[in-house]
Structures are given as C-alpha cells and as structure tokens.
Amino acid sequence: NFSTSIYAFPQSRITWSKDGVPLNAARRISLSADNSSISISNAQYSDRGNYRFVASNQHYTSGEGGSVQSSPVQLQIYIFPRVITDPQSSTTLNETSTYTLTCQSNGFPQTQISWYHNGSLLSSSLSTSTVSTNDTLNQPPATRSTLNVPGVNFTERGVYTCESF
C-alpha cells in the first residue's frame, strides 16, 4: 500500500505512475475513491519499480503545469529461492567416468547454490556457478551451478543434492 495526504483548496486531483507510466486500477491494483492511496494485492516480481504521484488543481501554479510531483518510492519484490532444474534422479557410472550435475534456481535477491553429498556440504571449489543477467520484468535472474565429480569411485557413490538460498 502507498498513500498520501494532500491539503489543498480546491481539492487536488491525484494521479499515480509506475516507472513513468500512468497507473490505473487493474485486477490486482486498486485505487481509493479519491486516488490518495494505491493497493497491490498478491504482489509479483513484475510489480517492482518506482512509484510516484502527481497532485494538481486549478489554482496551484508554482509547480510545472499547476502540479506537484512526489519523489519516487521504489518497490522491491523479494522472491524466495526455488530450484527450477534438479539433477537427474539416478545414474549408473563406471569408475573412470566424470559426472557433471547441474542445478538452477531463481529468486530475488540473487540466489546462491550449495551442493551436498549424502547430506554433507561439499566444498564450493568443486562447483562453478554462473549468474544469468537476463533479469526480465516477469522473472528474477537465475543462478546455474555445475558440479563435476571426477573419476567416480566407491567413495563418490551416494546421493547428491543442491540447495538454493
């Protein structure tokens, strides 16, 4: 919720914008009857941005075009990390095989990935992570981690899992 209080006579007309684009009531966005407050229900990643209002009336002339504009208020939407690509469920290898596992997650702020072998945290030096800067309006950036298990032998058998945080 964002709200403002404007004291003016005659009463000011209030309009809202997000990232410079006029904002109107929509499915998840509601405005109060006098437009003094805005409410976003079920906020999503695409709702992040800079919100501001403009108040104007017929007698206010010291602002540009008879109006006054607020400073922007930045809305950040935090997304819990979630794994979007899991390693394969089961693989059989011979002793000379090198096996590569990949895990991908997204969230905001940027996620990190840790690898576990039979429940024990593996050294981060065994994996490489890359961050996707493809931060679109609707999806937060993704982190992709690759774990290389070289020369598989008896001690490397077991369950490998990735965790995003």
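Trainee: Are Cys103 and Cys162 buried or exposed?

Mentor: The model is a predicted one. In this model a disulfide joins Cys103 to Cys162. As for solvent accessibility, both Cys103 and Cys162 are buried.

Trainee: Which parts does the pair of Cys103 and Cys162 tie together, and how many residues apart are they in sequence?

Mentor: The structure holds 1 disulfide, and its S to S distance between Cys103 and Cys162 is 2.0 Å. Cys103 belongs to strand 10 and Cys162 to strand 15 (residues 160-164), so the pair links parts whose separation in sequence is 59 residues.

Trainee: Why is the disulfide of Cys103 and Cys162 assigned a hand, and which one?

Mentor: A disulfide is a covalent bond between the sulfur atoms of two cysteines. The hand follows from the torsion about the S-S bond of Cys103 and Cys162. That torsion is about 60°, so the disulfide is right-handed.

Trainee: Which side chains meet in a salt bridge?

Mentor: Side chains of opposite charge can pair when their charged atoms come close. The cut-off is 4 Å from a side-chain nitrogen of Lys or Arg to a carboxyl oxygen of Asp or Glu, and the count by this rule is 1 salt bridge. With an N to O distance of 2.8 Å, the side chains are those of Arg28 and Asp47.

Trainee: Where do Arg28 and Asp47 lie, and how many residues apart in sequence are the parts they tie together?

Mentor: Arg28 is in the loop between strand 3 and strand 4 (29-31), and Asp47 is in the loop between strand 5 and strand 6. The pair therefore ties together parts separated in sequence by 19 residues.

Trainee: Is Asp47 buried or exposed?

Mentor: The cut-off for buried is under 20% relative accessible area. Asp47 has 5%, so Asp47 is buried.

Trainee: What is phi of Asp19, and is Asp19 buried or partly exposed?

Mentor: Asp19 sits in the loop between strand 2 (13-18) and strand 3 (21-23). Its phi is positive, near 50°, in a residue other than glycine. At 46% relative accessibility, Asp19 is partly exposed.

Trainee: Is Asn42 buried or exposed?

Mentor: Asn42 is placed in the loop between strand 5 (37-40) and strand 6 (49-56). Although not a glycine, Asn42 has a positive phi of about 50°. Its relative accessible area is 59%, so Asn42 is exposed.

Key: Residues numbered from 1 in each chain as written. Predicted model: local features only at pLDDT ≥ 70, side-chain atom pairs only at ≥ 80, totals over all residues. Heavy atoms only, no water. Helix = DSSP H or I, 4+ residues; strand = E, 2+ residues; numbered from the N terminus. Buried < 20%, exposed > 50% of the residue type's maximum accessible area, 1.4 Å probe, protein only. Disulfide = S-S within 2.5 Å.
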